[in-house]
Amino acid sequence: MSSEEYYDIDDTVEKGLSFDFKGFLFKALNLWKLIVLSIGIGLIVAYWINVRKQNVYKLESLISVENEQNPFFTANTSISFNWGGVSGKVGKIMTTINTRRHNELVVDSLQFYLNYLVEGKYRKVDVYKDAPFVVNIDQSRGQILGQPILIRFLTETEYEVVMNFESGRLQVQRYLDKAKYSVDVPVGEFKQQFKLGEPVKLPFLNATLTLRPNKRTLPGTEFYIQFLNFDSVVNSYKNAVDISPYSKESSSVLKLAMSGFNKSKIVDYLNTTTAILKRTELERKNQYATNTIKFIDSSLNAVNIDLKDVTDEMNDFRKKNKVFDVNREMTETLSKLRGYDTAKEAEETKLNYLDALETYLRTKTGDYSKIAAPSSVGILEGNIVSGVSKIIALSVERQNLEYVAKEGNVLFNDIDRKIDSEKNVLLEAIDATKYTISSNINTINREIYALEAELSKLPEDQQEYLKIERKLNLSQQAYDVYLAKRGEAAIVKAASVSDISVIDEAKDIGGGLIGPNKSLNYMMALMLGFFIPMFLIFVLFLLDNTIHGSDEVVQLSKIPILGLIGKYNYKNNLVVFEKPKSAVAESFRAIRSSLQFIYSKQQGEHGRTLMVTSSVSGEGKTFCSINMSTAYALSGKKTILLGLDLRKPKIFGDFNVSNDKGVVNYIIDDATLEDVKFKTEIPNLEIIPSGPIPPNPSELLMSSKLSNLITSLREDYDLIVLDTPPLGLVTDALQLSSFADATIFMIRLDYTKKGMLQLVNAKYRAGELKNISFVLNFYKHKTNHNYGYGYGYGYGYGYGVYGNAYHESDNASVWTKFKMFLKRI
């Protein structure tokens with residue numbers, strides 16, 4: 001062999017190791033029924049999912065966040081403060097909606113920890129307000145968690161509670177304080193009858209069922225009520241409401257959206273969320289006024305006590321002493337003294353407020369939201385009013401943050417730094433204001449001392465009377481001032497409106513269906529149904545190292561393909577003799593014709609030899625040997641079949657010949673040639689079986705006796721067929737190749753490994769195998785198995801195609817044909 005041919009074979013092998021996309025495509029086309037089946041299963045699963053999934057709805061509402069000013073706002077009456085503008089409020093509200101505290105209020109208000117259920121086709125369905133009755137829960141007692149309680153109506157007003165307890169101890173929850181504890185229940189089935197409106201007091205249920213307005217119950221109808229863990233329900237709703245700006249142009253308008261299975265529940269949750277937002281935001285807005293009213297009420301109580309005491313003192317004095325007439329000069333002095341007393345009282349009130357405020361700021365940590373308005377005691381100093389407002393705002397912001405962040409978060413540190421900074425500024429402003437107030441009090445005291453000196457000229461009883469009257473007037477004026485301040489604060493609080501207003505409340509007007517996306521499910525089923533088998537085919541294609549078609553043989557080796565033999569189920573190997581009109585018999589005749597072309601190029605008039613081998617057992621080597629011998633014999637050629645597979649002899653069985661004597665006996669001189677030759681029922685065909693299995697088959701095949709035997713047979717026979725051992729398992733076939741004028745290497749499709757062709761290529765390159773050709777066994781005529789080969793070896797292709805037109809029918813049963821159909825798919 002030339003070096004050029006050598007490298008051609010190497011290149012072919014390398015080419016075979018690359019990915020064969022065309023082969024993969026035809027492999028997939030061959031398994032199209034599997035892909036269709038997978039897609040069908042996917043569509044069935046998608047349909048099964050679609051019909052069982054609950055409809056998912058999405059509803060929306062719109063709210064507006066504005067700075068609504070109090071209509072009674074004046075410089076003297078303002079006890080509110082700026083919360084950071086509209087943008088600050090929008091951010092706080094968007095954060096609040098997803099806080100645990102807010103959702104606890106909503107869930108508790110709607111009692112969404114209680115479900116009303118009915119038995120549906122695939123599951124229990126939540127009917128919510130469509131249930132004809134309402135469960136009024138006794139929140140001070142426990143309700144069973146998780147397990148549905150059957151409510152079966154016996155009449156329009158009577159029902160029975162049915163439960164089946166597997167355990168004697170169950171967990172219940174008391175919704176008043178959300179405490180959970182265990183209770184004892186009777187094991188087994190439990191039934192007890194009640195009337196609508198009658199309290200139910202059971203270990204696992206404590207409530208009263210009442211009829212909904214305009215509803216009626218029907219005897220025999222069944223409902224379920226189910227209590228859920230409060231904390232779990234809150235967690236499920238915590239991020240259920242999606243809040244976002246309605247548009248870029250109007251950032252103060254927010255859109256609230258929520259998805260769920262029950263539209264009535266969605267509507268109630270969105271609207272209740274808005275109502276609670278308005279209420280809590282108004283409470284925060286009025287917190288300043290609320291704190292001020294509490295401060296004034298406490299001051300009023302103290303002043304009221306003082307006023308009562310002074311009034312009693314005046315009445316006692318009047319009973320004991322006569323009423324005095326004070327001259328005009330003393331009256332004017334007394335009037336001035338009253339003015340200074342009032343001024344002093346006002347300044348001392350301011351000073352007391354500032355002292356209390358300073359102590360509160362220095363001793364309190366974290367929560368500064370309970371500070372009263374400085375204006376409630378007449379302090380209008382800008383730095384103090386502004387500082388108090390900012391500290392309260394930051395304190396409320398910190399409280400809101402506690403619902404969405406854990407303690408130790410950097411956001412807390414940032415707010416605490418801002419609060420500390422505002423506290424320091426406010427404390428400095430308090431010190432300065434206290435100094436000013438103290439100076440004013442000292443000035444007033446000097447004026448009071450001067451006027452009291454004038455009054456000291458009066459008699460003692462008149463001085464005592466005037467002293468009591470001064471205290472009475474002072475208490476009365478203080479009471480009137482505080483009363484006016486309280487009225488002012490109450491008016492401000494009552495007139496305050498929430499900065500949140502509803503533009504478009506949530507409402508069920510039909511529609512809102514967003515799921516399940518049935519089209520998407522079917523599309524996913526199509527994709528998965530297609531790509532999953534394609535992926536499996538791809539993996540199997542990569543891992544598959546067997547030969548499936550003539551195209552692969554052409555890619556892996558330059559050795560020519562001599563012919564194709566189809567799969568034919570028959571009782572023995574004598575197909576050519578007993579079924580001469582079959583497609584398989586025609587294939588062997590085609591191979592015989594091709595061999596004649598090879599033999600015609602060889603010199604000499606003696607008989608020709610044909611060696612049949614394969615890579616491993618089971619590839620049809622013996623089947624080919626027998627039928628090739630038969631094909632030559634039936635053509636008039638004197639043929640002998642020589643069994644040289646000394647390790648695993650087979651050929652004798654189909655001819656009803658004993659294997660007691662054969663080649664082995666001849667080689668060891670235990671028998672003559674005539675003793676080991678046997679005639680067959682096939683004209684012109686004789687066989688020499690292998691004989692008993694020897695302990696040293698390789699050594700026997702190397703003996704000169706075998707060479708002499710073949711030389712002798714060449715003289716007497718036109719064709720000697722050598723049935724040899726597999727080439728890939730033992731070396732016997734290589735030793736016999738020197739006797740072969742032509743060699744057939746059997747390849748069984750879907751069985752022979754690709755790596756075996758590399759072994760044959762190597763032997764061919766080394767010159768150990770000559771005039772070798774491939775014969776493909778178990779060939780099936782499918783274009784996706786043989787792309788690229790059908791035209792190159794048309795005769796093999798042709799016999800497979802038209803053979804059924806005139807060859808014998810298999811006369812297979814219906815069951816056999818059905819099994820063959822399954823194998824083809």
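A residue is termed buried when its relative accessible area is under 20%, exposed when over 50%, and partly exposed in between (1.4 Å probe, protein chains only). The structure is a predicted model, in which local features need pLDDT of at least 70, side-chain atom pairs count only at pLDDT 80 or more, and totals for chains, interfaces and linings use all residues. Residues are numbered from 1 along each chain as its sequence is written, and side-chain values use heavy atoms, with hydrogens and water left out.

**View A. Aromatic pair of Tyr116 and Phe133.** Rings of Phe, Tyr and Trp (its six-membered ring) pair if their centres lie within 6.5 Å; planes under 30 degrees apart are stacked, over 60 edge-to-face, and the rest tilted. The count by this rule is 21 aromatic pairs. Tyr116 belongs to strand E2 (residues 114–119) and Phe133 to strand E4 (residues 133–137), so the pair ties together parts 17 residues apart in sequence; strands (E, at least two residues) are DSSP runs, numbered from the N terminus. Phe133 is buried at 0% relative accessible area, and Tyr116 is buried at 7%.

**View B. Aromatic pair of Phe153 and Phe223.** The ring centres are 6.2 Å apart and the planes lie at 85°, so this pair is edge-to-face.

**View C. One aromatic cluster.** Its members are Tyr116, Phe133, Phe153, Tyr159, Phe194 and Phe223.

Conventions. Helices (H or I, at least four residues) and strands (E, at least two) are DSSP runs, numbered from the N terminus.
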